[in-house]
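Colleague: I am new to reading protein models. Could we walk through one together, feature by feature?

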Amino acid sequence: MPTKTLQIPTPDGQADAFAAFPDGGGRHPGVLMYADGFGIRPVLRGMARELAGHGYYVLVPNFFYRHGPAPVIELPEHIGEEVRPAVMAQLMPLIEAHTAERVLSDADAYLRFLTTQPEVGAGPVAVTGYCIGGLLAMRTAAAHPGQVAAVAGFHGPVGADGPDLFSKLTAQVHLGHAEGDMTPEALGELNQALDAAGISYTSEIYPGTVHGFTMSDTDAFSASGLQRHWDRLLPLLDRTLARS
């Protein structure tokens, strides 16, 4: 699987990024993948490569690039519960500094870069994200309704901006919630807001999961949750993105 480390020009500098794409040349549908708050690391690169193996060009930007290249803080190989509080204490100021204005400015730059790569075909793209990246994915899709055909968010605070965000979406949506993050009542309220926006979506709680369940380098990891994520994400992309 070919991979590249790239520099994406943005109004605030250069964002380092990881890209994976199918072997054998040709042009492929583009997918912008937002990492969780821990950022680009081996598990994210592995997920990008796996998705690329299904026929997509996958771009994973370091959205903390204003604070340095990835990894912006030193991360252990396994982010267990004993180290998580100290890691999060370092990351929270970076997450809080990543304002909605910065998110949208960066999203413009990321999509412009993605769609001009020689390995990326013409046509719409998809955006997917994990944890805080799920919210970034939703904001990106809402800001680019003509360009983003599919958006997926996993164990992310996707409702944080309220129903106004949903009303701007034209993409098909899948949201996979951790059982530890979302009560059935809260899911019902979220899905009512999605219904009211009139968009095509699926939104469900993944059984037996806690926040961060897709990430195999954390104690939150759920093999069944990760598999369910692929079982939902891949058909969504297949429905919405044209193959050359």
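Colleague: Let me start with the hairpin: through how many residues does a hairpin join β1 to β2?

Modeller: Through two residues. Before we go on, keep in mind that this is a predicted model. Strands β1 (residues 3–10) and β2 (residues 13–20) run antiparallel to each other and pair over eight bridges.

Colleague: Which residue stands opposite glycine 13 in β2?

Modeller: That is threonine 10.

Colleague: Now for charges. What is the general idea behind a salt bridge?

Modeller: Side chains of opposite charge can pair when their charged atoms come close. A search of the whole structure turns up eight salt bridges. One of them is formed by the side chains of aspartate 12 and arginine 66, at 2.9 Å from N to O. Aspartate 12 belongs to the loop between β1 and β2, while arginine 66 belongs to the loop between β4 and α2, so this pair ties together parts 54 residues apart in sequence.

Colleague: Which other salt bridge could I look at, say one with arginine 139?

Modeller: Arginine 139 forms a salt bridge with aspartate 161, and their closest N and O atoms are 2.7 Å apart. Arginine 139 is in helix α4 and aspartate 161 is in the loop between β6 and α5, so the pair ties together parts 22 residues apart in sequence. Arginine 139 has a relative accessible area of 16%, so it is buried. Aspartate 161, at 33%, is partly exposed.

Colleague: And what does the side chain of arginine 232 meet in a salt bridge?

Modeller: The side chain of glutamate 204, at 2.4 Å from N to O. Here arginine 232 sits in helix α7 (residues 223–240) and glutamate 204 in strand β8 (residues 201–206), so parts 28 residues apart in sequence are tied together. Arginine 232 is partly exposed, with a relative accessible area of 29%, whereas glutamate 204 counts as buried at 17%.

Colleague: Let us turn to rings. How do I read a pair of them?

Modeller: A pair of aromatic rings is described by the distance of the centres and the angle of the planes. A search of the whole structure finds seven aromatic pairs. Among them is the pair of phenylalanine 21 and tyrosine 57, with 5.3 Å from centre to centre and 10 degrees between the planes, which is stacked. This pair links distant parts of the chain, 36 residues apart: phenylalanine 21 is in the loop between β2 and β3 (30–34), and tyrosine 57 is in strand β4. Both phenylalanine 21 and tyrosine 57 are buried.

Colleague: Why is the pair of tyrosine 206 and phenylalanine 213 called tilted?

Modeller: Their ring centres are 5.2 Å apart and their planes are at 40 degrees, so the pair counts as tilted. Both tyrosine 206 and phenylalanine 213 are buried. The ring of tyrosine 206 also has a charge over it: the charged end of arginine 228 sits there, 5.3 Å from the ring centre.

Colleague: Which residues do ring pairs link into a cluster?

Modeller: Tyr34, Phe63, Phe64 and Tyr110.

Colleague: Finally, the backbone. Where is there a cis peptide bond?

Modeller: Between alanine 70 and proline 71, with omega about -5 degrees. Proline 71 is in the loop between β4 (57–61) and α2 (84–97).

Colleague: Which residue other than glycine has a positive phi near 55 degrees?

Modeller: Cysteine 131. Look for cysteine 131 in the loop between β5 (125–130) and α4 (132–143); at 18% relative accessibility, this residue counts as buried. Histidine 155, which is not a glycine, has a positive phi of about 40 degrees. Histidine 155 lies in the loop between β6 (148–154) and α5 (163–166) and is buried, with a relative accessible area of 2%.

How values were computed:
Residues are numbered from 1 along each chain as its sequence is written. This is a predicted model: local features need pLDDT of at least 70, side-chain atom pairs count only at pLDDT 80 or more; totals for chains, interfaces and linings use all residues. Side-chain values use heavy atoms; hydrogens and water are left out. Helices (H or I, at least four residues) and strands (E, at least two) are DSSP runs, numbered from the N terminus. Buried means under 20% relative accessible area, exposed over 50%, partly exposed in between (1.4 Å probe, protein chains only). Two strands pair if DSSP finds at least two bridges between them. Rings of Phe, Tyr and Trp (its six-membered ring) pair if their centres lie within 6.5 Å; planes under 30 degrees apart count as stacked, over 60 as edge-to-face and the rest as tilted. A charge sits over a ring if NZ of Lys or CZ of Arg is within 6 Å of the ring centre and within 35 degrees of the ring normal. A salt bridge is a side-chain nitrogen of Lys or Arg within 4 Å of a carboxyl oxygen of Asp or Glu.
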